[in-house]
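Work through the exercises below with the sequence and the coordinates at hand. Each task is followed by a stepwise solution.

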Amino acid sequence: HLSEERSNDQSFADALAQTPSVLGTSLSKSLTSLLPAKVGFAVVGDDPWQFIPSFSGGTGNLPVLESAAKGIGAINWVPDRDQIVRRVPLLYRIGNQPVPSLAAELLRVAQGATTYILKGANASGETSFGRNTGLNHLKIGNIEIATDADGTVFVSFRGSNPAAYIPAWKVLAGEISPAEVAGRILLVGTSAPGLLDVRATPLSSAIPGVEIHA
């Protein structure tokens, strides 16, 4: 009977549960839904959350998938006025709920870390002359990243490298060996222009959005 067979969604969820996988989510100014909490946040120094980009909700994924994944990260992009992406946020928030970026979650899950540490103004070793000037550093596992006050970083872009892509058809055909991907962080995305995930960076007028996260 069909009711006794596993659905494709459940099969996907099982695969997510067996691997250090992170799902993406898109935040919105019009939605009002929260996201499942997958990680903790600790603040050292003054509270910087008022400086972090705020949204009212997120699109989310199917609950069975969100429950199985080890992390959930926002994929929102913040272009400059000329629509070129130069900076990316590492943190967002839905009201008072902290939401990490996809890139931040990939780094966290890859290291097996359970908490982000936010170093704000007036934390030990941070200079702010007694004022709350926002975030200074974000620590993800053993990696400490200097940020702007709002938790964004300027990306040191590299040239697009399509040779680094693994075509989905090769994966589905079983032509990719585990040794080729072992120990690496893999991002699943699309390069088809018709799906509208094409962005401009200082080095390219049109690259797949997934490369910005990479």
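A contact means heavy atoms within 4.5 Å. The model is predicted: local features need pLDDT of at least 70, side-chain atom pairs count only at pLDDT 80 or more, and totals for chains, interfaces and linings use all residues. Residues are numbered from 1 along each chain as its sequence is written, and side-chain values use heavy atoms, with hydrogens and water left out.

**Exercise 1.** Describe the overall fold in terms of contacts, elements and dimensions.

Step 1. Take the contacts in the protein chain with a separation of 6 or more: residues 24 or more positions apart account for 70% of them.

Step 2. Count the elements, which are DSSP runs numbered from the N terminus (helices: H or I, at least four residues; strands: E, at least two). The protein chain has six helices and 15 strands.

Step 3. Compare the radius of gyration, taken over C-alpha atoms, with the globule rule, 2.2 Å times the number of residues to the power 0.38. The radius is 19 Å, close to the 17 Å that the rule gives for 214 residues, so the protein chain is as compact as a globular protein of that length.

Step 4. Along its principal axes the C-alpha trace spans about 65 × 40 × 35 Å.

**Exercise 2.** Locate the nonpolar cores.

Step 1. Buried means under 20% relative accessible area, exposed over 50%, and partly exposed in between (1.4 Å probe, protein chains only). A nonpolar core is a set of buried Ala, Val, Leu, Ile, Met, Phe, Trp, Tyr and Cys residues joined through side-chain atoms within 4.5 Å.

Step 2. Of the 214 residues, 34% count as buried.

Step 3. The largest nonpolar core holds 18 residues, and L91, Y116, L118, L138, I140 and I212 have the most contacts inside it. Two or more residues come from each of strand 10 (115–120) and strand 11 (135–140); strand 11 gives the largest share, three residues.

Step 4. Not counting residues up to four places away in sequence, I140 touches A104, L107, R108, Q111, Y116 and I145.

Step 5. Another core of seven residues lies apart, including L35, A74, Y92 and I94.

**Exercise 3.** Is G58 buried or exposed, and which residues does G58 touch?

Step 1. G58 belongs to strand 5 (residues 57–58).

Step 2. G58 counts as buried because its relative accessibility is 2%.

Step 3. Leaving out residues up to four places away in sequence, G58 touches T25, S26, L27, L31, S33, L35 and I94.
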